[in-house]
Amino acid sequence: MAASDQLRFHEFDEAADLLAATPDATTTSVSERQSHVALDVGSSYDENEEGDESDKTELLSGQKQPPSFWTFEYYQAFFDVDTYQVLDRIKGSLLPLPGKNFVRHYLRNNPDLYGPFWICTTLVFTLAISGNLSNFLEKHGNTSFRYSPQFHKVTIAGVAIYCYAGLVPLALWGYLQWRKGVCLNVASYTLLETVCVYGYSLSVYIPASVLWLIPVSWLQWLLIATAMTLSGSVLVLTFWPLIRLDSRAATLAVLTIVLALHALLAVGCKLYFFQKPVYAVPLHSAYTKAPGGAQLLTASHPRLNSSMTTPLRF
């Protein structure tokens with residue numbers, strides 16, 4: 001009986017006094033409060049959902065303004081790439097395979113400037129540093145040699161590499177745009193894709209420039225030929241589908257110019273940064289007196305079995 005009495009509802013005196021004092025007051029039950037809370041949460045969720053839908057509608061309709069040219073968000077899209085994508089694109093440039101277009105298989109409508117920028121920057125410093133080391137190793141045995149770092153090679157390497165990676169793709173893209181307007185069969189990539197292809201094609205020259213430190217002439221030229229072949233293959237396999245439907249003369253001219261500029265960059269870097277120093281060999285001279293009062297200047301080369309005699313009259 002005691003347990004059943006505890007389970008019964010009891011009226012509290014304080015609540016009865018409050019109701020007697022304010023007979024017009026109303027009370028809310030727990031279920032009513034829960035319904036109010038649910039309505040509030042539902043209304044806020046509907047407002048957020050409407051905001052998301054409006055953002056999606058703006059994006060799909062193209063009404064949302066693109067970022068300005070002077071803002072950071074504008075350039076952020078050019079570096080929207082992760083490490084795995086960059087490494088995959090570098091591998092694709094080092095091992096070009098027939099039938100694999102670099103733009104279609106590796107860029108996939110997402111070109112970037114992150115990889116080309118750091119590839120060009122690394123190549124600039126590897127050329128300058130390797131060139132300085134090559135000069136030091138060549139002259140190390142000379143007793144009169146005093147080493148002084150050649151910082152101007154960094155500037156020259158930077159101008160050469162960045163001008164090639166920027167101006168040559170720009171010229172090629174402009175030519176393809178012009179030919180696309182003249183000949184309907186010719187297609188073209190975007191400017192960013194063209195610059196991206198040229199930037200990644202230079203990645204093979206980074207290990208080659210380090211291996212050029214080996215003082216073996218035939219090996220250096222073999223490395224140049226290998227690097228030019230791999231890098232040039234990336235360019236040919238990428239741009240050949242665009243220009244093959246053009247006239248034969250235009251196709252051959254474009255391929256010749258592209259490969260010639262590519263070879264000129266490689267050979268020029270090799271000859272300038274890794275040229276062998278020329279030593280000045282002193283001449284041993286002696287004066288001899290000839291009959292008639294004339295003096296003869298005899299100069300002999302220490303490495304040659306020959307001499308040169310010049311008459312000097314006073």
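Which helices each supply at least two residues of the lining of the largest pocket? They are α7, α8 (152-182) and α9 (191-201). Helices here are DSSP runs of H or I with at least four residues, numbered from the N terminus.

This is a predicted model, in which local features need pLDDT of at least 70, side-chain atom pairs count only at pLDDT 80 or more, and totals for chains, interfaces and linings use all residues. Residues are numbered from 1 along each chain as its sequence is written, and side-chain values use heavy atoms, with hydrogens and water left out.

**Stop 1: the largest pocket**

Select L113, P116, F117, C120, Y162, A165, G166, L170, L191, L192, V195 and G199. These residues line the largest pocket. The space inside is about 240 Å³. A pocket is an open set of points on a 1 Å grid over the protein atoms alone, with protein on both sides within 12 Å along at least five of seven lines, for a 1.4 Å probe; lining residues have an atom within 4 Å of a point. Its volume is the space filled by probe spheres set on the points, which are joined across faces, edges and corners.

Now colour the lining by class. Ten residues are nonpolar, two are polar and none is charged. In this scheme Ala, Val, Leu, Ile, Met, Phe, Trp, Tyr, Cys and Pro are nonpolar, Asp, Glu, Lys and Arg are charged, and the others, Gly among them, are polar.

**Stop 2: F117**

Stay on F117, in helix α7. F117 has a relative accessible area of 40%, so it counts as partly exposed. Buried means under 20%, exposed over 50%, and partly exposed in between, with a 1.4 Å probe and protein chains only. Draw a C-alpha to C-alpha distance from F117 to G199: it reads 7.2 Å, across 82 residues of sequence. Both F117 and G199 belong to the pocket lining.

**Stop 3: the nonpolar patch**

Helix α7 (residues 114-139) gives the largest share of the patch, three residues. Y75 sits in helix α4 (residues 72-76). Y75 is partly exposed, at 33% relative accessibility.

**Stop 4: the salt bridges**

How many salt bridges are there by this rule? The count is two. The rule asks for a side-chain nitrogen of Lys or Arg within 4 Å of a carboxyl oxygen of Asp or Glu.

Select D112 and R89. Their closest N and O atoms are 2.3 Å apart. D112 lies in the loop between α6 (102-107) and α7 and R89 in helix α5 (residues 83-94), so this pair ties together parts 23 residues apart in sequence. D112 and R89 are both buried.

Next, take D246 and R179, whose closest N and O atoms are 2.7 Å apart. D246 is in the loop between α11 (217-243) and α12 (248-273), while R179 is in helix α8, so the pair ties together parts 67 residues apart in sequence. D246 and R179 are also buried.

**Stop 5: the loop between α6 and α7**

Return to this loop and pick R108. Its phi is near 55°, a positive value in a residue other than glycine. R108 is exposed, at 59% relative accessible area.

N109 is in the loop between α6 and α7. Phi of N109 is near 60°, again positive in a residue other than glycine. N109 is exposed, at 65%.

**Stop 6**

Start with L87 in helix α5. L87 is partly exposed, at 43%.

Move to V154 in helix α8. V154 is partly exposed, at 28%. V154 and G131 are 23 residues apart in sequence and 9.7 Å apart, C-alpha to C-alpha.

Finish at S201 in helix α9. Is S201 buried or exposed? S201 is buried, with a relative accessible area of 1%. Its C-alpha is 7.6 Å from that of G232, 31 residues away along the chain.
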